[in-house]
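Subject: Structure handover, with notes on pockets and aromatic contacts

Hi,

Here is the structure I promised to pass on to you. Please open it alongside this email, and my notes will follow below.

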Amino acid sequence: MSDKRTDYISWDEYFMGVAILSGMRSKDPGTQVGACIVSQDNKILSMGYNGFPNGCSDDAFPWCREGDALDNKYFYSTHGELNAILNYRGGSLEGAKIYVTLFPCNECAKAIIQAGIKTIVYDSDKYAATPSVIASKRMLDAAGVRYYPYAHTNRNITLTV
């Protein structure tokens, strides 16, 4: 008979927690997105968050959302999902699962599909009605990528660092 703890966190809580914590590294003042890619046997393969490419200073490029196209963040920032895919150095991501704090846009959906990731667990889908997310879901459905919302447990997890 085992006397193990019974209040340990689930795999989904653990990996979404890692994605949320990764998103906290983002310097974007508006939206912080984190991602965590996991193998079929629950091993963390890679993580990422939204930010600028290596060598592009966080102080030299714009973080704003409005204004001229060359003076806002959209041409320069890399999304958390894409960063997690690009950060992986271990070979194939075929059959992996990705935990993301925000439902992937159409560009990230293409990368997810091409990388062979088969499951997406997402926290927020606040842009569900936008053309980008509608297109994303069309492609994910066509490619057989399963996606579902993270089931909140409302557990409080506190970090003291």
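What follows covers the pockets and then the aromatic contacts.

Please keep in mind that this is a predicted model.

The largest pocket has a volume of about 550 Å³. It is lined by 22 residues, and those closest to its centre are Tyr74, His79, Leu102, Cys105 and Tyr127. Three helices each give at least two residues to this lining: helix 2 (80-87), helix 3 (106-115) and helix 4 (131-143). By residue type, the lining of the largest pocket splits into nine nonpolar, eight polar and five charged.

The second largest pocket holds about 440 Å³ of space. Here 18 residues form the lining, with Glu13, Met16, Gly17, Ile20 and Ile157 closest to the centre. Helix 1 (residues 11-23) contributes the largest share of this lining, seven residues. The lining of the second largest pocket consists of ten nonpolar, five polar and three charged residues.

**Aromatic contacts**

There are nine aromatic pairs in the structure. One of them joins Phe61 and Tyr76: the ring centres are 5.0 Å apart and the planes meet at 55 degrees, so this pair counts as tilted. Both Phe61 and Tyr76 sit in the loop between strand 2 (44-49) and helix 2, 15 residues apart, and the pair links distant parts of the chain. Phe61 is partly exposed, at 27% relative accessibility, and Tyr76 is also partly exposed, at 22%.

Another pair, Phe103 with Tyr147, is edge-to-face, with 5.3 Å from centre to centre and 85 degrees between the planes. Phe103 belongs to the loop between strand 3 (97-102) and helix 3, while Tyr147 is in strand 5 (residues 146-149), so the contact ties together parts 44 residues apart in sequence. How exposed or buried are the two partners? Phe103 has a relative accessible area of 4%, which is under the 20% cut-off, so Phe103 is buried. Tyr147, in contrast, comes out at 23% and is therefore partly exposed.

Phe103 has a charged neighbour as well: the charged end of Lys137 sits over its ring, 4.8 Å from the ring centre.

Finally, have a look at Trp11, Tyr14, Phe15 and Tyr99, which ring pairs link into a cluster.

Happy to talk any of this through once you have had a look.

Best wishes

Conventions. Residues numbered from 1 in each chain as written. Predicted model: local features only at pLDDT ≥ 70, side-chain atom pairs only at ≥ 80, totals over all residues. Heavy atoms only, no water. 1 Å grid on protein atoms, 1.4 Å probe; cavity = no way out; pocket = protein on both sides within 12 Å on 5 of 7 lines; lining within 4 Å. Points joined across faces, edges and corners; volume = space filled by probe spheres on them. Helix = DSSP H or I, 4+ residues; strand = E, 2+ residues; numbered from the N terminus. Nonpolar A, V, L, I, M, F, W, Y, C, P; charged D, E, K, R; others polar. Phe/Tyr/Trp six-rings, centres within 6.5 Å; stacked < 30°, edge-to-face > 60°. Buried < 20%, exposed > 50% of the residue type's maximum accessible area, 1.4 Å probe, protein only. Lys NZ or Arg CZ within 6 Å of the ring centre and 35° of its normal.
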